[in-house]
Amino acid sequence: MICMFDSRIKDLIAGLNVEIKYSSQLDVEGTYLASLNWIIINSNLSEAKQYEVLLHELGHAALQRGETELYHATYALHAKMEADANKFMLKEEVESYLAEHGKDGFSAVKFLERYNLPLNYERIVLDVVWGCRILG
């Protein structure tokens, strides 16, 4: 179970009224079940990876509630919705980091390496740091 919820994430979970569940039987890292408003996270993952997956799935809940048919309609829509959930996750990760450490000396590459995230997310991280709109 994830113990590192910060107050922003707790508020987001409460605001979305989403229920967080864990399963060791999940074949994927996590999933958002819109019909139940549940996020299920694979409990076999490390705590850090569970947190990342939670943020990604919260992105689906926050941005795409009620759009399950679109998610499955075409590959292009599916890919866009996954990319938006990843942007949401990155935005939350970066904002949490900046709240704790500030912007002084911030390096997007070092941030991504620290959290074991793909370096191709650098542009999104920089957009978050400098206040550019990345979603919607």
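Contact is defined here as heavy atoms within 4.5 Å. Helices (H or I, at least four residues) and strands (E, at least two) are DSSP runs, numbered from the N terminus. The structure is a predicted model, in which local features need pLDDT of at least 70, side-chain atom pairs count only at pLDDT 80 or more, and totals for chains, interfaces and linings use all residues. Residues are numbered from 1 along each chain as its sequence is written, and side-chain values use heavy atoms, with hydrogens and water left out.

Helix H1 spans residues 7-16. Its residues Ile9, Leu12, Ile13 and Leu16 meet Tyr51, Leu54, Leu55, Leu58, Ala61 and Ala62 of H2. By class, this contact has 10 nonpolar residues, no polar residues and no charged residues. Ala, Val, Leu, Ile, Met, Phe, Trp, Tyr, Cys and Pro count as nonpolar; Asp, Glu, Lys and Arg count as charged; the others, Gly among them, are polar. H1 and H2 pack at an angle of about 35°, and their axes are 11 Å apart. Axes are lines fitted to C-alpha atoms, for helices over the stretch in contact, and angles run from 0 to 180 degrees between N-to-C directions. The crossing of H1 and H2 is left-handed, that is, the near helix is turned anticlockwise from the far one by less than a right angle.

An open sheet is formed by 3 strands in the order E1-E3-E2, with mixed pairing. Strands pair if DSSP finds at least two bridges between them. Strands E1 (19-23) and E2 (30-33) stand at the edges, each with a single partner strand, so one side of each is left without a neighbour in the sheet. Neighbouring strands are turned by 20° against each other on average, direction ignored. E2 and E3 (residues 38-42) run antiparallel and are joined by 4 bridges. Tyrosine 32 stands opposite isoleucine 39 in E3. Leucine 33 has tryptophan 38 in E3 as its bridge partner. The hairpin of E2 and E3 has 4 residues between the strands, and asparagine 37 takes a positive phi near 55° there.

Helix H2 (residues 47-64) lies across E1, E2 and E3, and runs at about 155° to E3. The covered face of E2 holds Gly30 and Tyr32, whereas Thr31 and Leu33 are on the uncovered face. Histidine 60 lies in H2. At 6% relative accessibility, histidine 60 counts as buried. Buried means under 20% relative accessible area, exposed over 50%, and partly exposed in between (1.4 Å probe, protein chains only). Leaving aside neighbours within four places in sequence, histidine 60 is in contact with Tyr32, Arg65, Tyr71, Met81, Glu82 and Ala85. In strand E1, tyrosine 22 is partly exposed at 24% relative accessibility. The C-alpha atoms of tyrosine 22 and serine 43 are separated by 5.5 Å, although these residues are 21 residues apart along the chain.

The largest nonpolar core has 31 residues. Such a core is a set of buried Ala, Val, Leu, Ile, Met, Phe, Trp, Tyr and Cys residues joined through side-chain atoms within 4.5 Å. Leu58 and Val125 have the most contacts inside this core. H1, E3, H2, H4 (75-101), H5 (108-114) and H6 (122-129) each supply at least two of its residues. Not counting residues up to four places away in sequence, leucine 58 touches Ile9, Leu12, Ile13, Leu16, Val18, Ile39 and Phe88.
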